[in-house]
Structure formats: structure tokens, C-alpha cells
Amino acid sequence: MEKQRLDKIIASTGRWSRREVKLLIRQGEVLVDGFPARASEDKADPETAEILVSGEALTYRRYTWLMLNKPAGYLSATEDGRGATVLDLLPQELQRQGLFPVGRLDKDTEGLLLLTNEGVLAHDLLSPRHHVDKVYRARVAGRLTEEDCRAFFDGMLLGDGTQCQSAGLEILSAGEESEALVTLREGKFHQVKRMLAQCGKPVLYLERLQMGNLTLDASLPRGEFRFLTEEELEGLRNS
Ligand code: URA
């Protein structure tokens, strides 16, 4: 791989800013192939060089994959003149990496959102041909019924003529307001809200819990992100 500046390589992990890297280098905390780095501008091949930062070996990844616990109020876009996007929740160094959200959550939807700069895998994950299930927890107005579950299972025809594939509706609680898990294999515009509205049960709250084999990390606070682990990435590639 082409050599890159040390500060770029180290900051691409999202753990240190370029300014911090500069300081660490000055303090002799960065070793490249066993030798202390001299300057941020020094270059190394990130795939073959052994880089230690404060004694810790850096694992370089060609692509970045993040799990974000999206809060309400942020758009799933890379830029938007109308308000904050999910990229605003990331540190500067990660914002520079050309990351984009893998699919969209509505502005008011919370929960699991993946961000990456690996276009092909992201595209595959979103393709209905690849059968990657997305699971949502929905709170709706009104009492959900077995009939609603059947309508989801049968594949719903929406009011505007959109035909939905068979989907799952598992009722968790039913009353004046109800809660359910919705499982989709596709991702049409506002799909969960439109399907539930068609049943006469408007969505009051929506959160994505799962995408393929990936579950929203319960220890990840709303608005925070973390890197996917090697195992999680491997699972995504195989899903
Ligand atoms: N379906 C919706 O209606 N909204 C989302 O944000 C995701 C799925």
C-alpha cells in the first residue's frame, strides 16, 4: 500500500486527533518498526509497518466501520443545509474519512446506524437480494392485533401502490398504546411508519435494534459510537 503520513494513519483510528499525535511523537510515544518516530510528516505503509502508540500496537484497517446509537434530531445524511447530520456526532478525524450512513433512519428514529466508507459491502447490506433483516422496536397508538401481524406477513400493499415484502410483526404489549418488534428485509421510505399507519396504528416512537447479525450495543449511550470488532465485521461480510 502507498505510504501515508503518520499523523493521518494514527488519527484515522479516531482515538487521537492529529494535534495529539504530534504531541505523542514529540514525547517519543510513537514507534515505527521499533524506532521512535521523528515527525508527524514521517511516512509509513500502514499495512506493513508495526506502529506502537504508548506501547499499544495499532491495527490498521483499510475501511472504517462504526456502530452509532443514533439519537433523535439528526439526519442520516453526509451533509444537509437544514440541520445536524449523524456525521456531526463524530470527531473531526473521522469526519474526514468519507464516511456515510448505511441506509437511512428518519430524523426522529433512534438506535442502530452503521457508518462506513466501504461502498461495496454497504451496498450489499442494503440490497433486498441479500436478505439482511432489520429489526425495529415500535411504540404505536392503538391496540395491535393478530390481524395486523397477518397483514405484515402477507406483504402489505400501501395506499400509494407500493408493494411490501413479507415482514414480521411481533406484539410485545397491546393496549391503548402498543409495542412491537418489526422485522423488515427491505428499506422503503418510512416503511415501518407507513405499514403501521396502514393498520391504523400511527408510530409514536421508533428505534432500530438490529441489522443482520449486529445488535445495538446496550452499553453504547445514545449519541455515541464505537468501532465494529473484527468478529462483527466478519459476520457482516458473511451475512
Ligand atoms: N422505517 C421508518 O418508517 N423509519 C425509519 O427510520 C426506519 C424504518
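Asp-106 pairs with Lys-193 in a salt bridge, their closest N and O atoms lying 2.8 Å apart. The term salt bridge here asks for a side-chain nitrogen of Lys or Arg within 4 Å of a carboxyl oxygen of Asp or Glu. Side chains of opposite charge can pair when their charged atoms come close.

Before going further, a word on the model: it is predicted, local features need pLDDT of at least 70, side-chain atom pairs count only at pLDDT 80 or more, and totals for chains, interfaces and linings use all residues. Residues are numbered from 1 along each chain as its sequence is written, and side-chain values use heavy atoms, with hydrogens and water left out.

## Domains 2 and 3

The protein chain splits into domain 1 (4-57), domain 2 (65-128 + 214-238) and domain 3 (133-211), with bounds that come from an automatic or database domain assignment. Taken over C-alpha atoms, the centres of domain 2 and domain 3 are 23 Å apart. Between them, these two domains bury about 1,300 Å², 43% of it on carbon and sulfur atoms; buried area is the accessible area (1.4 Å probe) that two parts lose on being put together, summed over both. Asp-106, Leu-112 and Pro-128 supply 32% of the area that domain 2 buries against domain 3, more than any other three residues.

In terms of contact (heavy atoms within 4.5 Å), 16 residues of domain 2 meet 12 residues of domain 3. Three salt bridges are counted between domain 2 and domain 3, along with 11 residue pairs in polar contact (both at pLDDT 80 or more). A polar contact is a pair of N or O atoms within 3.5 Å; within protein, one must be able to donate a hydrogen and the other to accept it, and residues adjacent in sequence count only if both atoms are side-chain atoms. On the side of domain 2 that touches domain 3, strand S9 (110-116) and strand S14 (214-215) are the elements that give two or more residues. S9 provides the largest share of that side, five residues. Helices (H or I, at least four residues) and strands (E, at least two) are DSSP runs, numbered from the N terminus.

## Around the ligand

Asp-106 and Lys-193 turn up again here: the ligand is surrounded by Leu-105, Asp-106, Thr-109, Tyr-136, His-190, Gln-191, Val-192, Lys-193 and Leu-206, each with a heavy atom within 4 Å of it. One from His-190 lies 3.2 Å from an oxygen atom of the ligand, and one from Gln-191 lies 3.4 Å from an oxygen atom of the ligand.

Asn-117 sits in the loop between S9 and helix H4 (119-126). Its side chain has a polar atom 2.8 Å from the backbone nitrogen of Thr-64, and the side chain of Asn-117 also reaches the backbone oxygen of Gln-97 at 3.0 Å. Asn-117 and Thr-64 are 53 residues apart along the chain, with their C-alpha atoms separated by 6.0 Å.

Another salt bridge joins Arg-61 to Glu-230, with the closest N and O atoms 2.9 Å apart. Arg-61 lies in the loop between strand S6 (56-57) and strand S7 (65-70) and Glu-230 in helix H7 (residues 230-238), so the pair ties together parts that are 169 residues apart in sequence.
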